[in-house]
Structure formats: structure tokens, C-alpha cells
Amino acid sequence: MFGVSGAAAGVRLLSAKIAQTTLKKLPQKALTKTVWFPIVKQIGKAIGVKVTKSGVAKVASKAIPIVAGFISGTINFASMMPMGNRLIDALDDANFDYTEDEVIADYEVISSVNYE
């Protein structure tokens with residue numbers, strides 16, 4: 001459980017740092033030479049929005065934490081789903097297939113534990 005929480009915290013920290021770096025570094029890059037920038041600029045012109053390098057950097061820096069949150073949620077879901085399914089199976093077995101002999105055996109195991 002701690003591993004998943006640690007991974008999520010790491011993704012959050014990393015995404016925040018990447019967003020800060022993107023906000024500073026992206027306007028310095030030659031965005032006008034990329035394939036996608038002229039397309040975005042034309043779309044912005046068509047809907048009446050002025051697209052600049054600093055504006056693209058701001059949008060990109062805001063999108064990075066959202067993408068990182070999606071990745072973090074996917075990691076959590078993928079790691080917790082198998083554990084949840086095992087818990088469902090264990091509770092189902094305990095509820096419907098738990099014999100009197102198993103109850104006594106489990107009680108003896110619990111009673112023999114030394115709590116020091």
C-alpha cells in the first residue's frame with residue numbers, strides 16, 4: 001500500500017517540477033518550427049484566439065499535472081484491483097464455505113498468538 005502512495009506522490013512531485021520547467025523553457029524553443037504549432041495557430045485564428053508561444057507554454061504547463069493525475073489514478077486502479085478481487089474472494093469463502101472445523105482451527109491459531 002505504501003508503494004502505491006509513494007508512487008502517486010512521486011508522480012505529483014515530478015509533474016509539478018516538469019510543469020514549472022515547461023513554463024520557463026517552452027517559450028524559448030522554436031515552436032514555430034514544429035509541425036503542430038502552425039495548425040494550433042490556424043485553429044486559434046479561426047475561433048478568434050491569439051496563439052502565442054507563451055500562451056502555449058501556459059496551457060502545456062497546466063495540462064501536465066492533469067495528465068500526471070490520470071497516470072497516477074491508472075497506477076492506483078491497476079494495483080488495487082487485484083487486491084480488491086482477492087478480498088472479495090476471501091470474504092465470499094468466509095461467508096459461504098466456512099465450516100465449523102475451520103472456525104475452530106482459526107480460533108486456535110488466533111488464541112496461540114503471543115501478544116508481547
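Asp89 is partly exposed in this predicted model, because its relative accessibility is 46% and that class lies between buried (under 20% relative accessible area) and exposed (over 50%), with a 1.4 Å probe and protein chains only. The residue belongs to helix H3, where helices are DSSP runs of H or I with at least four residues, strands are runs of E with at least two, and numbering starts from the N terminus.

Asp89 is one of the members of a negatively charged surface patch, together with Asp92, Asp93, Asp97, Glu100, Asp101, Glu102 and Asp106. Patch members have over 30% relative accessible area and no salt bridge, with like charges joined within 9 Å and nonpolar side chains within 5 Å; a salt bridge requires a side-chain nitrogen of Lys or Arg within 4 Å of a carboxyl oxygen of Asp or Glu. Helices H3 (53-96) and H4 (100-111) each contribute two or more residues to the negative patch, and H4 supplies the largest share, 4 residues.

A nonpolar surface patch comprises Val35, Ile39, Ile43, Ile47 and Val49, which together have about 520 Å² of accessible area. Val49 is located in the loop between helix H2 (36-47) and H3, and is partly exposed because its relative accessible area is 45%.

The chain contains 4 helices and 0 strands, and buried residues account for 14% of its 116 residues. Mean pLDDT, the predictor's confidence in each residue from 0 to 100, is 77 for the chain, with 84% of residues reaching 70 or more. Confidence is lowest in helix H1 (residues 2-25), at a mean of 71, and highest in H4, at 84.

Residues are numbered from 1 along each chain as its sequence is written, and side-chain values use heavy atoms, with hydrogens and water left out. For this predicted model, local features need pLDDT of at least 70 and side-chain atom pairs count only at pLDDT 80 or more, whereas totals for chains, interfaces and linings use all residues.

Notes. Areas by Shrake-Rupley, 256 points an atom, 1.4 Å probe, with all protein chains shown as cover. Lys, Arg positive; Asp, Glu negative; His and termini not counted. Charge placed at Lys NZ, Arg CZ, Asp CG, Glu CD.
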